[in-house]
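Please look over the sequence and the model before reading on.

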Amino acid sequence: KDLDALHAQAETIWMRGRANLALDNVEKASEDLKKSLDMILNVGDRDDEFRILIDQSDLQTRLRNYDKALQLADSAGKIAAEINVSEGIGEALIAKTYALIHLKKYNAAADAARRCAQHDLALLARQAGHRRTRHDR
């Protein structure tokens with residue numbers, strides 16, 4: 001029960017951080033995202049962890065801390081791969097691509113974008129196959 005309450009509170013703070021980021025309140029967004037990540041690490045929710053890391057990567061891109069944004073995107077992608085969340089891998093690759101573009105690492109950005117596109121096409125093909133199989137019954 002205590003972990004459930006902590007988890008709910010962490011997600012609420014995370015959503016407030018996302019709202020602050022959308023409103024360009026970067027200082028408040030940074031505080032909220034850091035606090036929510038610390039709480040989620042205590043809960044052990046790896047799915048929320050990689051998603052918060054992607055939001056932190058977006059924040060760092062906005063703050064022009066592109067090396068940090070890249071590191072956060074890579075960390076998010078590794079976690080998404082470990083827990084086998086396909087759309088998370090794609091989201092992390094998008095965040096990585098943005099950071100690499102800003103770092104003027106265009107070849108690496110093109111490679112990340114290409115991997116993202118290949119990943120997304122494979123995901124769509126799997127989903128289409130699942131839908132076809134489900135409807136053919």
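This is a predicted model: local features need pLDDT of at least 70, side-chain atom pairs count only at pLDDT 80 or more; totals for chains, interfaces and linings use all residues.

Which residues does Asp-58 touch, not counting residues up to four places away in sequence? Asp-58 touches Leu-21 and Ala-95.

**Asp-58**
- Asp-58 lies in helix 3 and is partly exposed, its relative accessible area being 34%.
- Between Asp-58 and Ala-95 there are 6.7 Å in space, C-alpha to C-alpha, although they are 37 residues apart in sequence.

**Helix 3**
- Helix 3 spans residues 46–62; its 17 residues reach 24 Å from first C-alpha to last, close to the 24 Å expected at 1.5 Å a residue.
- Because 12 of its 17 residues are buried, helix 3 is largely enclosed by the rest of the structure.
- Among the buried residues of helix 3 are Asp-48, Phe-50, Ile-52, Asp-55 and Leu-59.
- The buried residues of helix 3 pack against helix 1 (2–22), helix 2 (26–43), helix 4 and helix 5 (86–102).

**Helix 3 with helix 4**
- Helix 3 packs with helix 4 (residues 66–82) at an angle of about 160°, and their axes are 8 Å apart.
- That angle is over 145 degrees, so helix 3 is roughly antiparallel to helix 4.
- The crossing of the two helices is left-handed.

Definitions and conventions: Residues are numbered from 1 along each chain as its sequence is written. Side-chain values use heavy atoms; hydrogens and water are left out. Axes are lines fitted to C-alpha atoms, for helices over the stretch in contact, and angles run from 0 to 180 degrees between N-to-C directions. Helices (H or I, at least four residues) and strands (E, at least two) are DSSP runs, numbered from the N terminus. Angles under 35 degrees count as roughly parallel, over 145 as roughly antiparallel, 65 to 115 as roughly perpendicular and the rest as oblique. A crossing is left-handed if the near helix is turned anticlockwise from the far one by less than a right angle, and right-handed if clockwise. The expected span of a helix is 1.5 Å times one less than its number of residues. Buried means under 20% relative accessible area, exposed over 50%, partly exposed in between (1.4 Å probe, protein chains only). Contact means heavy atoms within 4.5 Å.
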